[in-house]
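Open the model in your viewer and keep the sequence beside it. The stops below can be selected one after another.

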Amino acid sequence: MMKLILMLFMSISLMKFKSIKFSKSIIMFCASSYMLTMLLYYSSNMWIGGGLFFMDYYSYMLVILSLWISGCMLIINMADLMELMVLGLMNLLMLCFFSMNLMMFYLIFEASLLPIFFLILYGGYAYERYEAAMYMMMYTAVSSVPFMWVLIMLFFEYKSLMIMMLIFLNLKLDSVMFFLCLMGFMVKLPTFLFHIWLPKAHVEAPVYGSMILAGVLLKLGSYGMLRMVQIFSYNTIQWSHMMITLGVIGGILMSLLCLIQVDMKMLVAYSSIVHMSLLISGMVTLTKMGLIGGLMMMLAHGLCSSGLFYIVNINYECFGSRLIYLNKGSMSINPSLSLMWFLMCSSNLSAPVSLNLISEIFLLMGLMSWSVSVMGMLMVMCFLSATYSLYLFSLSQHGESLVLQMNYKNVFVKDYFMLILHWIPLNFLFLSMGMFMM
């Protein structure tokens with residue numbers, strides 16, 4: 001898998017950048033990322049960097065996802081400043097996933113906000129991008145301040161912030177402190193009631209900003225939540241009923257909200273909240289099915305949501321609008337692009353044999369083993385999740401076109417290449433399901 005990612009980076013850099021100097025820098029970045037990942041993975045004891053960095057299977061898979069999404073983003077034409085922001089963000093994400101110390105994780109977690117802040121601020125088009133960037137910065141930065149307070153308290157009590165040591169100690173916090181600790185990650189995911197900043201950020205961000213935000217940056221919240229529920233397992237078991245109820249009910253309400261959207265990008269942004277609600281509900285059960293399903297959902301959502309944002313941007317460039325009703329009849333104008341719409345929407349509604357289906361099955365099995373009483377709400381949630389994906393596809397592709405074909409702009413080969421790079425790993429990872437069971 002890492003060799004494929006390295007070949008992807010090299011081919012993109014050679015076919016996109018005419019500057020030999022910049023192509024060499026891209027290849028050097030890819031080679032260094034590959035060597036760093038292999039060094040961490042094949043180390044005898046998985047410890048490197050003087051006790052500051054380590055890697056387990058969750059972080060390894062998320063680093064592969066980060067490199068894959070960043071490789072896809074290099075196909076897009078963007079300014080040099082934006083490319084440097086993307087590459088810097090990728091390095092920060094790798095260090096964050098490899099962090100062994102909670103304070104190091106917190107510092108890199110906060111530093112990763114700056115590149116996406118500038119991507120929205122300088123890459124957006126409308127004046128509202130200033131409001132969206134400040135929404136994102138204030139929500140995520142202020143909500144994670146209590147987490148630093150908890151870290152200081154833990155350090156004075158246990159004289160260490162190493163993640164593995166804290167997991168083995170099975171710590172138990174006060175209920176208020178526990179929720180203050182989780183708040184930063186619940187905003188970053190985001191879960192229901194903490195999601196106000198996400199649709200604004202997605203709508204005002206450029207396409208590469210939305211791809212990196214949905215594909216990788218939201219996984220920082222999932223990864224941090226995973227570590228917290230492992231460290232504070234007693235508190236998680238004590239309050240799992242409340243978090244599962246919030247996740248399931250929030251997923252149902254967000255699915256209903258998706259059905260009244262007229263902006264395609266807003267619909268895809270709200271669908272991310274639905275998937276994250278199911279992810280956190282399955283993860284807090286602390287069952288093996290729930291944790292494995294959470295990892296699969298991270299990978300599946302990163303690929304599927306990033307591809308959907310890109311194909312929405314293709315329609316925006318072709319029709320000049322993101323409104324569903326102005327994009328009607330796309331199938332009669334460009335059937336090839338309509339096929340890609342069908343493939344991405346079918347993966348989003350968890351159709352076989354996509355990784356979304358397998359991840360949802362694992363998460364549902366974990367939730368059913370926790371309590372059978374949630375079965376009714378889970379059935380409603382799965383039904384509505386399929387409904388808004390069909391709503392997005394049918395209203396945008398079928399019907400009578402409202403846009404003259406002479407105003408329609410062509411779709412390039414690189415756009416199809418980008419979508420295929422999202423769809424192939426999303427629907428062929430089921431062939432090696434054993435790697436998730438390690």
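A salt bridge is a side-chain nitrogen of Lys or Arg within 4 Å of a carboxyl oxygen of Asp or Glu. This is a predicted model, in which local features need pLDDT of at least 70 and side-chain atom pairs count only at pLDDT 80 or more, while totals for chains, interfaces and linings use all residues. Residues are numbered from 1 along each chain as its sequence is written, and side-chain values use heavy atoms, with hydrogens and water left out.

The structure holds 2 salt bridges.

Select Asp263 and Arg322. Their closest N and O atoms are 3.2 Å apart, and the two form a salt bridge. Asp263 sits in the loop between helix H13 (233-258) and helix H14 (264-283), and Arg322 in the loop between helix H15 (288-319) and helix H16 (330-333), so the pair ties together parts 59 residues apart in sequence. Helices here are DSSP runs (H or I, at least four residues), numbered from the N terminus. Asp263 is buried, at 14% relative accessible area; buried means under 20%, exposed over 50% and partly exposed in between, with a 1.4 Å probe and protein chains only.

Next, select Lys200 and Glu131. This salt bridge has its closest N and O atoms 3.7 Å apart. The pair links distant parts of the chain, 69 residues apart: Lys200 is in helix H11 (residues 197-204) and Glu131 in helix H7 (residues 129-143). Lys200 is partly exposed at 31% relative accessible area, and Glu131 is partly exposed at 37%.

Last, select Ile152 in helix H8 (residues 145-158). Ile152 is partly exposed, with 39% relative accessibility.

Conventions: Helices (H or I, at least four residues) and strands (E, at least two) are DSSP runs, numbered from the N terminus.
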